[in-house]
Amino acid sequence: MATNRTFTMIKPDAVADNHIGGILSMIEQGGFRIVELQKVTLTPERAGEFYAVHKERPFYNDLVKYMSSGPIVAAILEKDNAVADFRTLIGATNPANAEEGTIRKKYAKSIEANAVHGSDSDENAQIEGEFYFKSQI
Ligand code: GDP
Ligand code: MG
């Protein structure tokens with residue numbers, strides 16, 4: 001397994017607000033190479049499967065509804081120390097706590113509609129990348 005890759009999604013609110021270009025630009029400026037890229041709309045079933053790890057959390061049903069509400073952009077990214085560096089680039093889950101210069105600080109609207117996803121481990125990057133691309137991560 002490569003450890004220099006991570007997985008991201010640009011979430012429905014950011015896609016709807018025409019921020020695909022701005023976010024991909026921040027990703028590239030942050031030193032990441034875009035290895036795979038796909039725009040797709042998740043069914044509620046697929047969104048529920050992706051976030052199955054959160055199914056006991058109180059916001060799960062809202063999250064599934066939100067993530068299937070419109071198109072998302074999924075991507076595999078490459079960079080040294082990709083998982084940790086990408087989490088730094090996106091910022092805190094709640095944009096109220098996100099650092100200046102992060103993607104969520106610039107584009108997130110709320111703790112739920114927070115513009116982007118970033119994998120939290122090499123293992124999850126692999127699983128999440130395969131969920132969309134069935135290929136190498
Ligand atoms: P992340 O790894 O920073 O994306 O955060 P988590 O893995 O904890 O949560 C997954 C996603 O669920 C977040 O990115 C948000 O879209 C959503 N989420 C997290 N916490 C909350 C919450 O307290 N309320 C709501 N409505 N959504 C949340
Ligand atoms: Mg997470």
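Author: Let's start with strand E3: it is largely enclosed by the rest of the structure, because six of its seven residues are buried. Keep in mind that this is a predicted model.

Reader: Okay! What mean pLDDT does the chain have?

Author: The mean pLDDT is 96, and 96% of the residues reach 70 or more. For the complex, the predictor gives an ipTM of 0.98 and a pTM of 0.96.

Reader: Back to the strands, then. In what order do they sit in the sheet?

Author: The order is E2-E3-E1-E4, in an open sheet of four strands with antiparallel pairing.

Reader: And which strands are at the edges?

Author: Those are strand E2, residues 33–40, and strand E4, residues 116–118; each of them pairs on one side only. On average, neighbouring strands of this sheet are turned by 20 degrees against each other, ignoring direction.

Reader: What actually holds strands of a sheet together?

Author: In general, strands pair through backbone hydrogen bonds, and they can do so in a parallel or an antiparallel way.

Reader: Nice. How many bridges link E2 and E3?

Author: Seven bridges, in the antiparallel sense, with E3 covering residues 72–78. If you want to find some of them in the structure, look for Gln 38, which stands opposite Ala 74 in E3. Leu 37 has Ala 75 of E3 as its bridge partner.

Reader: How many bridges are there between E1 and E3?

Author: E1 and E3 pair over six bridges, also in the antiparallel sense. Arg 5 has Glu 78 in E3 as its bridge partner, and Ile 10 stands opposite Val 73 in E3.

Reader: And how many join E1 to E4?

Author: Three bridges, and these two strands run antiparallel. Here Ile 10 turns up again, with Val 116 in E4 as its bridge partner.

Reader: Are the residues of E1 buried or exposed?

Author: Buried: that goes for six of its six residues, and the strand is mostly covered. Arg 5, Phe 7 and Met 9 point one way from E1, while Thr 6, Thr 8 and Ile 10 point the other way.

Reader: Can we zoom in on Val 73? What is it in contact with, apart from its neighbours in sequence?

Author: Leaving aside neighbours within four places in sequence, Val 73 is in contact with Met 9, Ile 10, Val 15, Ile 20, Leu 37 and Lys 39. Val 73 counts as buried because 20 other C-beta atoms lie within 10 Å.

Reader: Let's switch to backbone angles. What about the phi of Asn 18?

Author: Asn 18 has a positive phi of about 65 degrees, although it is not a glycine. In general, most residues other than glycine have a negative phi. Asn 18 is in the loop between helix H1 (12–16) and helix H2 (20–29). With 8 other C-beta atoms within 10 Å, Asn 18 is exposed.

Reader: And where is Asn 81 found?

Author: Asn 81 is in the loop between E3 and H5. The phi of Asn 81 is positive as well, near 55 degrees. Asn 81 is exposed, having 12 other C-beta atoms within 10 Å.

Reader: Last topic: which residues are around ligand 1?

Author: They are His 54, Phe 59, Asp 62, Leu 63, Thr 93, Ile 111, Glu 112, Asn 114, His 117 and Asp 120. This shell divides into three nonpolar, four polar and three charged residues.

Terms used: Residues are numbered from 1 along each chain as its sequence is written. Chains are lettered from A and ligands numbered from 1 in the order in which they are written. This is a predicted model: local features need pLDDT of at least 70, side-chain atom pairs count only at pLDDT 80 or more; totals for chains, interfaces and linings use all residues. pLDDT is the predictor's confidence in each residue, from 0 to 100. Two strands pair if DSSP finds at least two bridges between them. Axes are lines fitted to C-alpha atoms, for helices over the stretch in contact, and angles run from 0 to 180 degrees between N-to-C directions. A residue is near a molecule or strand if its C-beta atom, placed from the backbone, lies within 6 Å of it. Ala, Val, Leu, Ile, Met, Phe, Trp, Tyr, Cys and Pro count as nonpolar, Asp, Glu, Lys and Arg as charged, and the others, Gly among them, as polar. Two residues are in contact if their C-beta atoms, placed from the backbone, lie within 7 Å.
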